[in-house]
Amino acid sequence: MRATGIHLSFGSNHVLRGVDLDAPAGTTTAVIGPSGSGKSTLLRVLNRLIEPDRGDLTLDGESVLGANPDAYRQRIGMVFQQFNLFPHMTVGDNVALALRKLRGLDKERAREAARRQLDRVGLAHRVGARPSALSGGQQQRVAIARALAMEPELMLFDEATSALDPELVKGVLALMSDLASSGMTMVVVTHEMGFARSVADAVTFMDAGIVVETGTPRQVFGEPRTDRLRQFLSDVL
Ligand code: ADP
Ligand code: MG
């Protein structure tokens, strides 16, 4: 996935000011930066939940902005800070729902596929449980399974561990790390600098709607070139 020259305003608030992001297939890109710098907005643009005012998006080398956003969105999995599982449905049905509604799988095949994805995140044994019976970390792993069930080409994570109790963060990061190792293309907005440093292939630092620096973890964490990044790192590390 590549985003080029993305501009977006909310009214008079110019939130994205010419953002370029290159997330080559099979790699993990971590996006870091202070609160309000436009990270979530950028992910929503990448997923076409919002259309940019200017700029281009390509996936697999093809420009995607003209095409039907619904079809495009099916190629992309997104995981939010809030898991947004349906509380009245079982874990299995949460994962199976999109397969039935969007892919037209029958009940049995959707259930099988859901169980496979839940197995992948270590939760096959909770297929019949309600989300509320699970820990926050388990619920987030279900949300990841739900996204994976659609076999996305790209996974976007927006602070997927920020709402979790500290002891539950590790399990979700471990799953994301496994996913990265498996060759999934991922763009991960995160405050977990350890994850960015050890799992990401590239790290992008945003501030005030622009990409201030981008590079390998070693470059971004070890040799920051700007005062803004140095200041940010000293605040968070
Ligand atoms: P981050 O995720 O880096 O904290 P956001 O992308 O959430 O930053 O927000 C960037 C800026 O865009 C903020 O000034 C925020 O108030 C503004 N913003 C985000 N979403 C909306 C919206 N739906 N309507 C208006 N302003 C928004
Ligand atoms: Mg955000």
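**Notes on the pocket and ring contacts**

1. The largest pocket has 23 lining residues, with Arg73, Ile76, Met78, Ala98 and Leu102 nearest its centre. On a 1 Å grid over the protein atoms alone, a pocket is an open set of points where a 1.4 Å probe fits, with protein on both sides within 12 Å along at least five of seven lines, and lining residues have an atom within 4 Å of a point.

2. This is a predicted model, where local features need pLDDT of at least 70, side-chain atom pairs count only at pLDDT 80 or more, and totals for chains, interfaces and linings use all residues. Residues are numbered from 1 along each chain as its sequence is written, and side-chain values use heavy atoms, without hydrogens or water.

3. The lining of the largest pocket comprises 13 nonpolar, seven polar and three charged residues. Here Ala, Val, Leu, Ile, Met, Phe, Trp, Tyr, Cys and Pro are nonpolar, Asp, Glu, Lys and Arg charged, and the others, Gly among them, polar.

4. There is one aromatic pair in the structure. Phenylalanine 205 and phenylalanine 232 are tilted, 5.2 Å centre to centre with 35 degrees between the planes (ring centres within 6.5 Å; under 30 degrees is stacked, over 60 edge-to-face, the rest tilted).

Definitions and conventions. Chains lettered and ligands numbered in written order. Phe/Tyr/Trp six-rings, centres within 6.5 Å; stacked < 30°, edge-to-face > 60°.
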